[in-house]
Amino acid sequence: MPTDEMWINMGPQHPFNHGLWNLRVKLKGETITQAEPIIGYLHRGWEKMVENRTYSQIVPLADRLCYGSSLSWNHLYCLTAEKIYGIEAPDRAKYIRVAVLELQRITSHLTWLMAVGTDLGSYTIMTWSIRERELFLDLLCKLSGARMTYNYCRIGGVRSDLPENYERDVNRTLDEFEKRLRDLESLMDENEPFLMRTVGIGKMDGKTAMNLGLTGPIMRASGVEMDLRRLDPYEVYADMKFDICTHTDGDVYARYRVRMDEMRESMKIVRQALAQAPAGPIRVKVPRCPPKGNVVNHVEDPRGESLMYMVSDGSERPYRLKVRSPNFVNLSASPPMLVGFKISDVPAIMGVMDMCIGETDR
Amino acid sequence: MSNLYIELTNFTEWLLGLVAALLDWTKLGFLSDFGEWLQTAPVVDFVSTLLVAVIFLITAMMFGLCFIWQERKFLGRFMDRRGTQVGFLGFFQNFADGIKVVLKEHIVPKDSDHRLFEMAIFAYLASTFMLFGCIPFSDNFYVINVNLAVLLGVAIFAFGPFSILIGGWSSNNKFTLIGGMRAAAQLIALEIPLLLCIVAVVVLTGDLSFVGIVTWQEQNIWLIVPLCIGALTFFIAAIGESERIPFDLPEAEAELVEGWATEYGDVRWGLQMASDYFRAYILSGLFTMLFLGGWAGPEFIWAEAWYLAKTFVVFFFFIWVRAATVRIRTDQILKLGWRRLLPLAVINLLIAVALKVAGVF
Amino acid sequence: MSQVIIYDTPDRSVEDISKDIKSKFPAVEVLKAAPKRLHLQVPREISFEVCKFMKEGLNFEHCSCVTTVDYLDHFTVVFHVSSWTNHILSEVLVDIPRDDPTVDSITPLWGGANWHEREAYDLMGIVFKGHPDLRRIMMPEEFKFHPLRKDFIVGRRV
């Protein structure tokens, strides 16, 4: 019986979309033959807007690039601006930044886990991971006063010192979280339907991943051990002892596994950073206008490699500020992961990629 | 509790006698004749059957709503939250939802097939409510005690896929069409292991009526013991038939919003959601009757209470499975149905036949 | 893949690599050769060959980003490519005239540059020759302007 191929629009309004984007898939029966992601619905003109703001006014705007892991972007912008000014943050600020960045990484991964739970249909995973996330949001709220867009890093350091007994609170929370993480993992690792939905789905091998520009946990799940915190250390990551988590299968289960392992490694880093933080100032003074020049800086965001390229013409506003978001490239590399699988696999494959459309569209 | 029919027949006789006496009092010829006709046996039978059906329907629906409450509370506790809080222990949330749904506007999509659109949901709801009539609460509290009750029940249950397909197609929506086709495939695939398990039970008990099966279990042994494989297969197939997680891909919110019933809005949607739970309740009730001895139990509480308590426990396991697993794909569900449940059901049937031939029961 | 690809110590140093490039392409100017950073200024005509040599001969496996800057009298296209084997992030600057904003696309070499070049075309108007699918990505298809150019004024504060 001759059958036709059908184009289906999954989005932009769709219950499983995390953010506002469209995925056009061409179906033959239930199998995907072609896929095309379409973005641009959330384009806010960020790069044009910051050409009209002073360097310190852009600091809270950088938070809003990806609201799911806002400290990471805030920090990247501050680091790039410090490079162009030619200054360096004091040591205490660097250790505090590393600790808080890793707390943000754990929070971002828990948000991802919540999304994976909803996509696969298990609201238990969703509510449990949000419950764990609340532990960390309490800590970050104590530090910066906000739950989502923290605005904590400043050009030249951080905004304020750690509150009293912060290290004790963080260590207690991490101990509690470690117990609960084991529960959470067993809900998924020993869950036969979960394995049926994730093992062998959305495979991609290491060489293709490298060529397509993929970075971050997705690439590490395909067997490439590359982490910018080790390859090109920034802040005080060179002094921290942690392992890079990889997995060799390259399917959805591998990507899930890598992120769960990364949460454990982040906990180690937080403990070390807070224990080793020296006393001292947390901020240096910054002049109004930086010298002329251009700098590039890249960090390991929870989603991959994020990069900022800043051009300064000597005035108090940047001449050009380009943002490379990891999700932009991960999304462009998703069609090879989707072709050949069924349409019911789309939530699993796209959900485990941890999408945040704020940084994709800017 | 004494027999519902006898009680209600007495009540109807008294009521119709009262009406006839009133009509007689008016001293008009044709009214007195009408009053006498009212007291004849066929009319009394008809009115009492009607009353029995209405009372039973209301009772069954109330208990069905209890199951929705049970799901919301227990699922909430599994997820470390409290569930509904409105009213005493959260019980009134269902009524609040019902009232809200009744007050909504009836919307029919413009390019849909209007007649089929209305008819499909009506057929689906009618099949669910008809099923309430087949399943007794005890040997004294039932609507009819059909000799072939089990067969009738499963036959009416099997009417579901038709209405789902028609409803999904007539909504003129690509996604409902996919949802409807998936649902029909899943339900048809999972009915066969269900029926085979029932056949095994009937082989051992020799009776197709519910009262007969429960009486046999009271006298011998609860059928979950010799037919444990069948009980497990029936349990899994029942979760699939009621389209709950892990088998709820036809309704998967993550992709298809609501599946085949996306376009239905108001009371139709409310009743469809409720009837999904009613169908799960009916399947748990079937499980109780076939394997757990129905209303058998010590005499210190009513037989009906035993039946409901056991059904609650079975439904608790339904909820537990829903809280713990994720949904699996349609082709995986179908593979499960055809390649795993069907052989298990056949093995179960062979065990039942072997036990019967060996004369154990 | 059953093997894990590891990048622990760099194979070659930045000075080696910059000497290699300079010897093969004398027209390339090395702006900066610091540890882990290599900045090159490349004329437009040989940009594709230089990138190809970097990918195949010098192990630059990853294209991080493609940026464009509008310097009022000319455009500059900046390719950021990384070599994980040698732990280098290199910046390749290509100046192109304003009235002829075309440059060779590096998508045939690194697939990761695909959407970056589409965005550069969309927001800045640079045409990448050899790109498989050059169309607008953020703006609607019918949009007539290129918003990131300096002559597209959006007001004092937006």
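A residue is counted as buried here if 20 or more other C-beta atoms lie within 10 Å of its own. The model on display is predicted.

**Chain B as a whole.** Select chain B first. Of its 361 residues, 40% count as buried by that criterion. Colouring by secondary structure shows 14 helices and 0 strands. The radius of gyration of chain B is 23 Å, close to the 21 Å that the globule rule gives for 361 residues, so chain B is as compact as a globular protein of that length. Along the principal axes, the C-alpha atoms of chain B fill a box of roughly 75 × 65 × 40 Å. Among contacts in chain B with a separation of 6 or more, 75% join residues 24 or more positions apart.

**The side of chain A that touches chain B.** Next, display both chains: 21 residues of chain A are in contact with 23 residues of chain B. On the chain A side, helix 4, helix 5 (123–144) and helix 7 (192–198) each supply at least two residues. Helix 5 of chain A provides the largest share, 5 residues. By class, this side of chain A comprises 10 nonpolar, 7 polar and 4 charged residues.

**The nonpolar cores.** Now select Tyr77(A), Ile96(A), Ala99(A), Val270(A), Ala273(A), Ile349(A) and Phe79(C), which have the most contacts inside the largest nonpolar core, a set of 151 residues. Helix 4 (residues 91–120) of chain A gives the most to this core, with 16 residues. A second, separate core has 81 residues, including Leu4(B), Phe141(B), Ala200(B) and Leu290(B).

**A final close-up.** Centre the view on Ala99(A). Beyond residues up to four places away in sequence, Ala99(A) touches Val270(A), Ala273(A) and Leu274(A).

Notes:
Residues are numbered from 1 along each chain as its sequence is written. Chains are lettered from A and ligands numbered from 1 in the order in which they are written. This is a predicted model: local features need pLDDT of at least 70, side-chain atom pairs count only at pLDDT 80 or more; totals for chains, interfaces and linings use all residues. A nonpolar core is a set of buried Ala, Val, Leu, Ile, Met, Phe, Trp, Tyr and Cys residues joined through C-beta atoms within 7 Å. A residue is buried if 20 or more other C-beta atoms lie within 10 Å of its own, exposed if 12 or fewer, and partly exposed in between; C-beta atoms are placed from the backbone. Helices (H or I, at least four residues) and strands (E, at least two) are DSSP runs, numbered from the N terminus. Two residues are in contact if their C-beta atoms, placed from the backbone, lie within 7 Å. Ala, Val, Leu, Ile, Met, Phe, Trp, Tyr, Cys and Pro count as nonpolar, Asp, Glu, Lys and Arg as charged, and the others, Gly among them, as polar. The radius of gyration is taken over C-alpha atoms; the globule rule is 2.2 Å times the number of residues to the power 0.38.
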